[in-house]
Amino acid sequence: QLSPRFTDSMIGMTLALQYAIVAMLAGWGGSLADAQERISPRWGLGRVKVLGFALTLGTIAFLGHGLPEYTYNDSITLLDSTAILVWHIGMRCIYAVSMGIVAPCMDGLALAHLDCIDGASASDFGIERMYGAIFWGVGSLAAGIGIDYFGFDFLYTLLIISTLLSYISMGIYLWGLSKDTTGAFIISRGDESADISADSRYQNEEEAISTEGENEDDIISNADLLRMIYRTGYGRALLIFVFMLAMGIAVVDNLAFIFFDALGASSTMDGWTVVFTVMFEIPVFYVAPKLLEKYGPGKLLLAAGMAYVVRVIGYTLVPEGKMYLVLMLETLHGLTYAGSKAGGVEFIQQIIPEGYEASGQGILIFVTYFGVVAGLISAGWMQETFGARVMYRAMAAIVCVGIAVLFLAESTHDKQDHQEKSESNENSLLIKSSSSASAASDFADASTERYMKKLKYDSLNKYAT
């Protein structure tokens with residue numbers, strides 16, 4: 001009786017408000033984590049401190065939802081009901097602030113850690129993210145069963161246990177860093193050779209050499225980072241796709257359970273739907289590095305989009321009482337979520353300079369969550385006005401538009417990449433000829449250096465030219 005009675009559109013608007021806050025704060029949250037890391041005396045300590053603060057804030061906000069239950073009795077007035085509604089919305093806003101910090105901080109910390117390990121790279125992010133998918137599935141199933149048997153209050157107990165375990169994990173992580181003997185996690189400030197300037201990571205080899213001497217301590221704003229990504233046709237196409245896919249995924253993640261209830265699902269069955277999604281996220285995350293190496297982030301994102309379209313069109317064909325068919329469709333979520341996450345992170349990481357890992361992921365989250373906001377507002381209205389089946393077909397059409405935009409950009413760059421490889425082979429022959437004619441020639445040395453850098457960042461240049 002203390003719970004406000006939301007319509008579908010009200011639920012969409014409330015969730016949209018939460019995600020709008022995440023979108024607006026994600027860039028700042030990533031910058032905050034990177035800034036604290038730059039002034040931290042120990043590697044990783046700055047980002048972990050920010051992560052711990054945001055985790056605490058989010059936990060307090062979620063627990064705050066339970067306060068009205070112990071403050072009001074069952075006989076409440078209309079004014080009391082309004083106050084309860086305002087309180088819940090306020091708690092969601094505070095929780096959204098914590099999400100806007102935790103998400104880019106966590107991804108940035110993982111990427112920075114991978115950069116420090118010999119033989120690892122940002123493309124291995126999927127393997128690390130796989131463990132998050134495992135615990136997400138376990139937690140969702142536990143929550144579903146717990147709510148059925150003990151009521152919603154079970155979530156508060158589960159949250160407290162999870163938060164305490166997170167604190168312990170962060171402590172163990174910092175302790176492990178302090179015991180590291182490889183020297184990979186030692187802060188070396190002012191080492192110009194340790195970083196390549198931001199411009200050299202998305203311009204051609206001649207520009208890379210000319211900017212290599214820039215001061216790496218210059219702070220790059222989030223607006224500059226966004227321009228690095230958005231300055232090219234490929235970057236714009238990819239961001240458009242990410243935005244439209246986020247519109248679609250938001251509907252499944254936040255409004256699907258309303259549709260499942262109409263099909264006759266229990267809370268336990270809702271939990272099982274999450275387990276099925278995670279079961280297929282895990283193998284996709286595991287093989288993500290190989291997929292990225294062979295196909296690149298663009299094609300992985302296209303596969304994620306197509307899996308989404310098939311899934312939601314399938315929703316519209318499921319008759320009432322046939323939830324087992326939904327479980328079969330949920331297996332496609334693994335490719336959609338894991339593919340979009342790994343592909344998006346890899347693309348952004350190729351463009352963003354070292355030391356701005358969390359900031360770069362904050363920008364990706366910024367674009368993603370504005371897509372979530374747009375999806376929830378439009379989908380909530382469509383579901384209430386036309387029904388869930390029409391709404392899901394409309395979301396499939398929107399994602400298809402994003403697929404078409406990215407497909408055109410990917411096709412264009414495949415052709416450009418083929419031309420660049422041909423030109424590189426010709427340049428290689430010229431460089432070898434010049435080196436043979438005059439081994440001591442400064443021009444030959446500079447040309448060789450440029451060509452080696454071209455080879456090293458060839459995959460990078462594909463997405464930034």
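Which helix does E346 lie in? It's helix α12, residues 333-351. Before going further, bear in mind that this is a predicted model, where local features need pLDDT of at least 70, side-chain atom pairs count only at pLDDT 80 or more, and totals for chains, interfaces and linings use all residues. Numbering runs from 1 along each chain as its sequence is written, and side-chain values use heavy atoms, with hydrogens and water left out.

Overall, the protein has 16 helices and 0 strands; helices (H or I, at least four residues) and strands (E, at least two) are DSSP runs, numbered from the N terminus. Of its 465 residues, 46% are buried, meaning under 20% relative accessible area with a 1.4 Å probe, protein chains only. Take contacts (heavy atoms within 4.5 Å) with a separation of 6 or more: 81% of them join residues 24 or more positions apart.

Back to E346, which counts as buried because its relative accessibility is 11%. Its side chain makes a polar contact with the side chain of Q350 at 3.0 Å; such a contact is a pair of N or O atoms within 3.5 Å, and within protein one must be able to donate a hydrogen and the other to accept it, while residues adjacent in sequence count only if both atoms are side-chain atoms. Setting aside neighbours within four places in sequence, E346 touches A122, S123, L292 and P297.

Now for the nonpolar cores, sets of buried Ala, Val, Leu, Ile, Met, Phe, Trp, Tyr and Cys residues joined through side-chain atoms within 4.5 Å. The largest has 70 residues, and I229 and F260 are among those with the most contacts inside it. Helix α9 (residues 233-262) gives this core its largest share, 16 residues. A second, separate core of 17 residues includes W43 and C105.

Conventions:
Buried means under 20% relative accessible area, exposed over 50%, partly exposed in between (1.4 Å probe, protein chains only).
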